[in-house]
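Subject: Structure for your review

Dear colleague,

I am passing on the structure below, and I would be glad if you could look it over alongside the notes that come after it.

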Amino acid sequence: MAQKSLKSQAYNNIKEKILSCEYAPGMHLNEGVLCETFNVSRTPIRDALSRLEQEGLVTIRSKKGIVVSDLSISEVNNIFELRLLLEPYSIRNYGYTLDENGLLNFYQSLLRLDVTQDAKTFFILDDNFHNFLNSAVPNHYIQEYFNIINNQNQRFRIITGQRAAQRLEDTRNEHLSIVKACIKKEWKSAADAMYEHLIQSKNATFELLLSHEGLGFQDNG
């Protein structure tokens, strides 16, 4: 039990530093240093790194060591390709399982929030909104992909900084369109609205990515 707890602690601690970009994309990690940092033996560290590799957050290569996964142009393309496949699908096929009170709460929160004055709160609401919609999917394999996508989104957001004010407002309006369709149980319309939202998000992401220099993004495709 204690060993399991140590493994979980090591996993959570390393993952938090990767998602916060304290361990930046492309950074080399050393097992010995990680053991000293978190005051655990190599077994919990190796278990944690193995789990993080499965989630796409680190790469373990013989002779090259452990590297925090890059946020490359190819990676961003891959993330949006998967989101465009899964997120509209989840609404279209499983939207009927969504809690109606939850949808109404998101609608009210989106209406009340001044996104240009409180971007941090909006980012949290944004994540919660997508997680709420994706939670409708009973397929645990799809849920695992959602978790991977969410991890990479958090890293990208921190690396690139806050979005343009206009994009925040557009995102809020796109979310409202999705929620309205869900409340009316118009699942195809909701799925189409989600697809359009993701296309706009992808376009804005690449504009942001290409306008920032020195962020460590590479075209690894």
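The model is predicted, with local features needing pLDDT of at least 70, side-chain atom pairs counting only at pLDDT 80 or more, and totals for chains, interfaces and linings using all residues. Residues are numbered from 1 along each chain as its sequence is written, and side-chain values use heavy atoms, with hydrogens and water left out.

The largest nonpolar core has 28 residues, where such a core is a set of buried Ala, Val, Leu, Ile, Met, Phe, Trp, Tyr and Cys residues joined through side-chain atoms within 4.5 Å, and buried means under 20% relative accessible area with a 1.4 Å probe, protein chains only. At least two of its residues come from each of α4 (73–94), α5 (100–112), α6 (119–134), α8 (165–183) and α9 (187–211), helices being DSSP runs of H or I of at least four residues, numbered from the N terminus. The largest share, seven residues, is supplied by α6. Apart from this core lies another, of 19 residues, including Tyr-11 and Val-68.

α4 and α9 pack at an angle of about 165°, their axes 8 Å apart; axes are lines fitted to C-alpha atoms over the stretch in contact (heavy atoms within 4.5 Å), and angles run from 0 to 180 degrees between N-to-C directions. The two helices, α4 and α9, are therefore roughly antiparallel, a term for angles over 145 degrees.

Best regards

How values were computed
Buried < 20%, exposed > 50% of the residue type's maximum accessible area, 1.4 Å probe, protein only. Parallel < 35°, antiparallel > 145°, perpendicular 65-115°, else oblique.
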